[in-house]
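Here's a quick briefing to read alongside the model. It starts with a single loop residue and then moves on to the sheet and its helices.

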Amino acid sequence: MPIDNNKLEINNFQLESSVEVEDTVKKIILLKKNKVLIHIVSYIHNTVLVQNLLKELKKNIPEAEVVLLKHKNKLLTSVTLFTIDTEEEKISDAILKELYIDNSNKQQSISEYRTQLFKRYFTDHLTNLPNMYQLRKDLQSNEEAGLILLKIDNFQAINSFYGFVVGDYVLEYVGNYLKDILKDHTVYRLSGAEYAITTETRLGFYQLKDYLVSLYDKIKNIEVLYQDTKIYVDFTIASSSHKDNTNIFSKVSMALVYAKQKGVPFWIYEDRLNLEHEYERNLKLSHIVRDAVENSRIIPYYQAILDNKSGKIVKYECLARLIDENEKILSPQLFIPIAKKLKIYNEVTKLIINKSFETFAESEYEFSINLAIEDIMSSEIFHFIIEKLKNNRTTAQHVTFELLESETVSDFKKVDRFIGEVSRYGAKIAIDDFGSGYSNFAYLTQINTDYIKIDGSLIENIDVDEASLIVVDTIVQFAKRLGIKTVAEYVYSSVIMEKVKELGIDYSQGFYIDEPSVSF
């Protein structure tokens, strides 16, 4: 391999047997110059191959300097030929010089490669913008800097609808767009659809607010053109007006989440918001919920349901409660959302179903279990319930599944299938909290239900609010026409109880009759 054709040349040969000696020496003779240095490298030197090679080299190139060296390859003998034409310079000096130059070049290449590698570590590969690591480094070097996060709101929808190729194009386009319009700032691309910029100094609340208003005006409704398709990009922005940079990322990130939840263009972190306490509380709750599920401390509390005609308790609703390790009781409003986020909500449903079936296995009372739309749509829970009904035929005749009316019901075929399957085993269906929020009578025509539970927000006011009374009466009369039994929730006084009876409601439930308890 020649290093410099005008000066030193280096050529390599490899031999495996002595029959190759003659041919190798002929090649060396053709390459020889004024000065020749030959390195013969082998495992041992007293082989026929090495000795023949030495003999032929001395005979044909007597002026050559030959050096014997060793290596660990027992099968191969190598020959390195160093040649140079100069008369003035020793060949050993020329070799050292070339090795020095070669080593310097390699060191420079390594240094350049290290620099490039180091740069890549601090650069986002898609947009070529500085990344999170560079941002952290820059903030550490400037403790007075402020941080602003910008997140594309609709990126998930863009990525899902158009595909990841278009999604990547949008991210790259947005990065360049922000870089162009925010020339006074360094633009960073963090993870996903999140970008950041820094300010030289931290701004006070009102100054920062004015700045974010101006920034939002510049970047709202960015239009990305991709192959004649217009894609609109929306942002949410967040920053912090805190006096120091301690936990700056977590503070601004919390403000960003808060802004998204509130549906506002931007939010500024302030200590008085107590967002950190809320996050800490959620972390503690997550631990409590996970521990309760693992140790079966999600249990049903039972609340009686009265038959208004006979005046007797005939049913019990099984209400989920969590008992923490300190015997404190948590309501479902606290732990159910956490269980869903932790993806262990199915386990909560299974625990309540199992324990409720155990409790009422030998009971004469009917009982009801609440199911959310997630339960009905889950094939895991569907099959779990069917197996439970199949293996508990007698108890199955006593259970009612209360379905919470939901605007998220988009697949009524699945709901119909669920109702049809559980009805085969004698289980009944109730629509829970009917009359609240977005309730409508069309829902009843789509669901084959046995009971309607009229929402407590209507029942609690029927003695003082004429509109509530009219709505409840309409629900009751409509249900009677369809042959559906009605249950009044939140019956908390004797006055409400009398009104409920006057309206012809079949069953009542509330604190006036019974409070939820661990036993019945």
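Lys 183 sits in the loop that links H6 and E6; helices (H or I, at least four residues) and strands (E, at least two) are DSSP runs, numbered from the N terminus. Bear in mind that this is a predicted model: local features need pLDDT of at least 70, side-chain atom pairs count only at pLDDT 80 or more, and totals for chains, interfaces and linings use all residues. Residues are numbered from 1 along each chain as its sequence is written, and side-chain values use heavy atoms, with hydrogens and water left out.

**The loop lysine**
- Lys 183 is exposed, at 65% relative accessible area (exposed is over 50%, with a 1.4 Å probe and protein chains only).
- Its side chain reaches the backbone oxygen of Asp 180 at 3.4 Å.

**The sheet**
- Five strands make an open sheet with mixed pairing, in the order E6-E7-E5-E10-E11; two strands pair if DSSP finds at least two bridges between them.
- At the edges are E6 (187-189) and E11 (266-269), each pairing on one side only.
- E5 (residues 146-152) pairs with E10 (residues 235-240) in the antiparallel sense, over five bridges.
- Leu 150 stands opposite Ile 237 in E10.

**The helices**
- H6 (residues 164-181) packs on the sheet and touches E5, E6, E7 (194-199) and E10, where contact means heavy atoms within 4.5 Å.
- The direction of H6 makes about 15° with that of E7; axes are lines fitted to C-alpha atoms, for helices over the stretch in contact, and angles run from 0 to 180 degrees between N-to-C directions.
- H8 (residues 248-262) lies across E5, E7, E10 and E11, running at about 140° to E10.

Methods
Buried < 20%, exposed > 50% of the residue type's maximum accessible area, 1.4 Å probe, protein only. Polar contact = N/O pair within 3.5 Å; in protein donor to acceptor, adjacent residues only side chain to side chain.
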